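Please have the model open beside you.

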Amino acid sequence: MTRRPSPDARSVSLLDRRALMKLGLAAQAALALGGTARAQGTDRLRFGPPEAFSYDTLKAFAKDLASKPYKEPARPNPEIVKRIDYDAHGKLKFKPDHALYGESAGAYPITFMHVGQFFQKTVRMHAVADGQSREILYDPGLFDMPADSVARGLGPEPSAFAGFWVREAKDQVTEKGDWKTREPFATFLGASYFRAIGEKGQVGMSARGVALFPEPGAAEEFPDFVSFWFEPAKADGEPVTVYALLDGPSLSGAFRFLIRRTGGTLMEIEAAVTMRKDIVRLGLAPLTSMYWYSETAKPFLIDWRPEVHDSDGLAMWTGAGERIWRPLNNPPSIMTSTFADERPRGFGLLQRDRNYANYEDGVRYQDRPSTWVEPVGDWGKGAVQLVELPTDDEIHDNIVAYWLPAAPSKAGSTVSLAYKLYWQDAEPFPGALGRCVATRLGRGGQPGLPRPKGVRKFMVEFLGGPLENIPYGQTVEPVLWSSRGTFSYVFAEAVPSDVKGHWRAQFDLTAEGLDPIEMRCYLKVGDEVLTETWLYQLHPTP
């Protein structure tokens, strides 16, 4: 693969100079013309000159940008950047004393991340106040760098900012220290990826601006957040406002994030995305996570830990009001599952298993946040799509979930949407029904008798809700469906434990062939539904 040469000073800008001036990127335009940006001393950062800025202006600019040929973002000297590997990148630490809002008004300081081998493109940063935008100018002196760091060879242009952190509140000091020593609570880094901590103080899964498959059979496309603008939170508990310009070969878009530090993190997001060309599959509000294995299906002796995953299921609250739980898979090949809906109430990738003994790992998988998408307004017809990729290790994000609108994404069309992202322990609006808490598989048949071949046993466990009022010995009915095969040995029973309202459905499934099998199950007594709906995709083994 031939590496694209680094642009020179007169081609550094992603955007044309006249448009830069209109949008408030005067400093970038001046630098592209060989000029010098004006410095400002606030927060010990250097800023470009002020220009008018608003979200409406950004939306109009993004829409106009989509009508023009795509230009890749600038890249600081590629020969240097490719040598900033994982270890070298970790040694490039932004100096807290230079943080945006570290000394000026603003409850939550913002610090920046450097380009490196895995984040090679320039991302422009701007501060907004009173409707005026100023670019934050890159300076290698903003980072602590080892004396022998190759990053010292990078100049001020193109900017070597690659992402940013939103830090904890300045007025909060805990046993872990102040904002300078504590972990940030939100991160934006790489393409259009971002993530935040949950109620247990951990990060895990990520979200993105969009998930994009431009053509049938084509590889996934990863557009970039190429510029950010920041407005400070006036006080602890109020939102930090972040604006973003998204750009890629197939589309351009404007985003606004209101980021609140709650028990976990809450993000209120607005977006307007315009297509440069027809797009086969445009995933909105996408979530990305990792699932290697769990109690459901662990290959023999693959790892010493009982379970390894950032999320263990996809939860959905449909427009019709049904609550659905779909345990995740590590499939033998790439699988895309589509769950048609209209006006969805929410969906998310959750980490329901919070028991340390089920992980036995110091990285605290049991504390990973769940992330829930709450649509704002009418999202119309479409589907939640779940993409599961095979993986053989925990270092790969192999799970994606997003909303796919029913309307086609045609060149020149604009999709506008609003939603909330909750980073916390569980769904923000839990239902009254029993929740699925485990899916266990085994050989079919009855204990003590010869086991029939080609039969799979299922134990699907539910907890809470109306199950807490079901007396021991009450007849509870599992309601089952599968895309093929036959059920046998079907019943429900209370799980012998000290936990009230803990029941399981038990059944065998007999099916021929190796094609995936879709399944459904819930528990009821008479006409009363007791649990959410369990969905599962079984991959038969030879």
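Is phenylalanine 161 buried or exposed? Phenylalanine 161 is buried, with a relative accessible area of 0%; buried means under 20% relative accessible area, exposed over 50% and partly exposed in between, with a 1.4 Å probe and protein chains only. Before we go on, note that this is a predicted model, in which local features need pLDDT of at least 70, side-chain atom pairs count only at pLDDT 80 or more, and totals for chains, interfaces and linings use all residues. Residues are numbered from 1 along each chain as its sequence is written, and side-chain values use heavy atoms, leaving out hydrogens and water.

**Aromatic pairs**

Rings of Phe, Tyr and Trp (its six-membered ring) pair if their centres lie within 6.5 Å; planes under 30 degrees apart count as stacked, over 60 as edge-to-face and the rest as tilted. By this rule there are 35 aromatic pairs. Here are two of them:

| Pair | Centre to centre | Angle between planes | Kind |
|---|---|---|---|
| Tyrosine 108 and phenylalanine 185 | 5.5 Å | 70 degrees | edge-to-face |
| Phenylalanine 112 and phenylalanine 161 | 5.0 Å | 35 degrees | tilted |

Phenylalanine 112 in strand S3 and phenylalanine 161 in strand S7 are 49 residues apart, so their pair links distant parts of the chain. Strands are DSSP runs (E, at least two residues), numbered from the N terminus. Phenylalanine 112 is buried too, at 1% relative accessible area.

Why does the pair of tyrosine 108 and phenylalanine 185 tie together parts that are 77 residues apart in sequence? Because tyrosine 108 lies in the loop between strand S2 (93-94) and strand S3 (110-114), while phenylalanine 185 lies in the loop between strand S7 (161-166) and strand S8 (186-189). Tyrosine 108 is buried at 1% relative accessibility, and phenylalanine 185 is buried at 1%.

**The largest cavity**

On a 1 Å grid over the protein atoms alone, a cavity is a set of points where a 1.4 Å probe fits but cannot get out, and lining residues have an atom within 4 Å of a point. The whole structure holds four cavities of 30 Å³ or more. About 130 Å³ of space lies in the largest cavity, a volume being the space filled by probe spheres set on the points, which are joined across faces, edges and corners. Its lining has 16 residues, with Glu295, Asp312, Trp325, Val437 and Ala438 nearest the centre. Strand S27 gives the largest share of this lining, four residues.

Conventions:
On a 1 Å grid over the protein atoms alone, a cavity is a set of points where a 1.4 Å probe fits but cannot get out, and a pocket is an open set with protein on both sides within 12 Å along at least five of seven lines; lining residues have an atom within 4 Å of a point.
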